[in-house]
There are 2 protein chains.
Amino acid sequence: MKISAVSKATGLSIDTLRFYEKIGLIDPPPRDGAGRRDYPEEVIGWIAFLGQLNATGMPQAERVRYAERRRQGAATYTARREMLAAHREVVRAKLALMQDTLALMDRKVAIYEQLEAEESTDV
Amino acid sequence: MKISAVSKATGLSIDTLRFYEKIGLIDPPPRDGAGRRDYPEEVIGWIAFLGQLNATGMPQAERVRYAERRRQGAATYTARREMLAAHREVVRAKLALMQDTLALMDRKVAIYEQLEAEESTDV
DNA sequence: CTAGGGGCTGGAGCATACTCCAGCTCAAGC
DNA sequence: GCTTGAGCTGGAGTATGCTCCAGCCCCTAG
């Protein structure tokens, strides 16, 4: 895949793809005869997974560490499992906080609705 | 309340409290005889609410807009309700994505556990 | 054979959200 | 009355995560 195809398929900009490669999030892909990146299809799934880690708040430095370990193969299964398990707990906590906030916003919206009703009827 | 007390009660640093005041997230509190900030107790609740908006991903610029409207009183009930309702939908979407990611990480952790087992038993 | 489009590199620049610092003032305890 | 500590201001600096640019190289189509 050319870099433009990967960009379209993942939603990341071409600059971001090169940036991710530079910091070690994406393996440097092989080059074609003209020196241009030629990504394997599998990179799409990997980038999608990175996106989920990102969207759930895993910082870049930690994603880079995970990517490094992935490159090292079977020797890092345990380390990777532990990283995911730890992040899972972080996500669980955020989830709970999101649910609280959702409930709070429901209450606040209801309060505002009531205040607006009182205003408009000149109570 | 002195600024150090607010800092302790909210977990925000003193510098952050002054920064939040500068950008309009916190009302400038009255000053004591020596020119030092003397916060009303209510600021604690407000900062906690800001923290929840923050933790659920509302950007600073939007939190500032909400704070401005809050300062304008009853005339902005509708605008504020709409902001919260809009953010609520954003939070709902993030919540769904978090739940997906949680499920994905459960699967991945299980896969790693299996791989580790195979490694250690020299399959 | 040449014009255009895509891709390349290295490095600068930017937005967000703080964080730190110098140099000053004030008030209270010893 | 002097030291100490908390607080003050304005402005510079930092970390994160991209985003943009200049100047160059290829390949392809007309």
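Visitor: How do H4(B) and H5(B) run relative to each other, roughly parallel or roughly antiparallel?

Guide: Start with the angle between the helix axes. This is a predicted model. In chain B, helix H4 covers residues 60-71 and helix H5 covers residues 77-120. Their axes come within 9 Å and cross at roughly 155°. Angles over 145 degrees count as roughly antiparallel. H4(B) and H5(B) are therefore roughly antiparallel to each other.

Visitor: Which hand does the crossing of H4(B) and H5(B) have, left or right?

Guide: The crossing of these two helices is left-handed.

Visitor: Which residues of H4(B) and H5(B) make the contact?

Guide: H4(B) brings Glu62(B), Arg65(B), Tyr66(B), Arg69(B) and Arg70(B). H5(B) answers with Ala79(B), Arg80(B), Met83(B) and Leu84(B). Sorted by class, the contact of H4(B) with H5(B) has 4 nonpolar and 5 charged residues, and no polar ones.

Visitor: At what angle do H1 and H2 of chain A pack?

Guide: Read this pair as before. Helix H1 (residues 3-10) and helix H2 (residues 14-23) of chain A pack at about 100°. Their axes lie 9 Å apart. Angles of 65 to 115 degrees count as roughly perpendicular. So H1(A) and H2(A) are roughly perpendicular to each other.

Visitor: Which residues of H1(A) and H2(A) make that contact?

Guide: From H1(A) come Ile3(A), Ser4(A), Val6(A), Ser7(A) and Thr10(A). From H2(A) come Ile14(A), Leu17(A) and Arg18(A). By class, the contact of H1(A) with H2(A) has 4 nonpolar, 3 polar and 1 charged residues.

Visitor: Is Glu21(B) buried or exposed?

Guide: Find the residue first. Glu21(B) sits in helix H2 (residues 14-23) of chain B. Under 20% relative accessible area means buried. Glu21(B) has 13% relative accessibility, so this residue counts as buried.

Visitor: What is Glu21(B) in contact with, leaving aside its neighbours within four places in sequence?

Guide: Its contacts are Ile26(B), Pro28(B), Pro29(B), Arg31(B), Arg37(B) and Tyr39(B), with those sequence neighbours left aside.

Visitor: How much of the contact surface recurs in both copies?

Guide: The same surface serves both: 100% of the contact residues of chain B recur in chain A.

Methods
Residues numbered from 1 in each chain as written. Chains lettered and ligands numbered in written order. Predicted model: local features only at pLDDT ≥ 70, side-chain atom pairs only at ≥ 80, totals over all residues. Heavy atoms only, no water. Axes fitted to C-alpha atoms, helices over the stretch in contact; angles between N-to-C directions. Helix = DSSP H or I, 4+ residues; strand = E, 2+ residues; numbered from the N terminus. Parallel < 35°, antiparallel > 145°, perpendicular 65-115°, else oblique. Left-handed = near helix turned anticlockwise from the far one by under 90°. Contact = heavy atoms within 4.5 Å. Nonpolar A, V, L, I, M, F, W, Y, C, P; charged D, E, K, R; others polar. Buried < 20%, exposed > 50% of the residue type's maximum accessible area, 1.4 Å probe, protein only.
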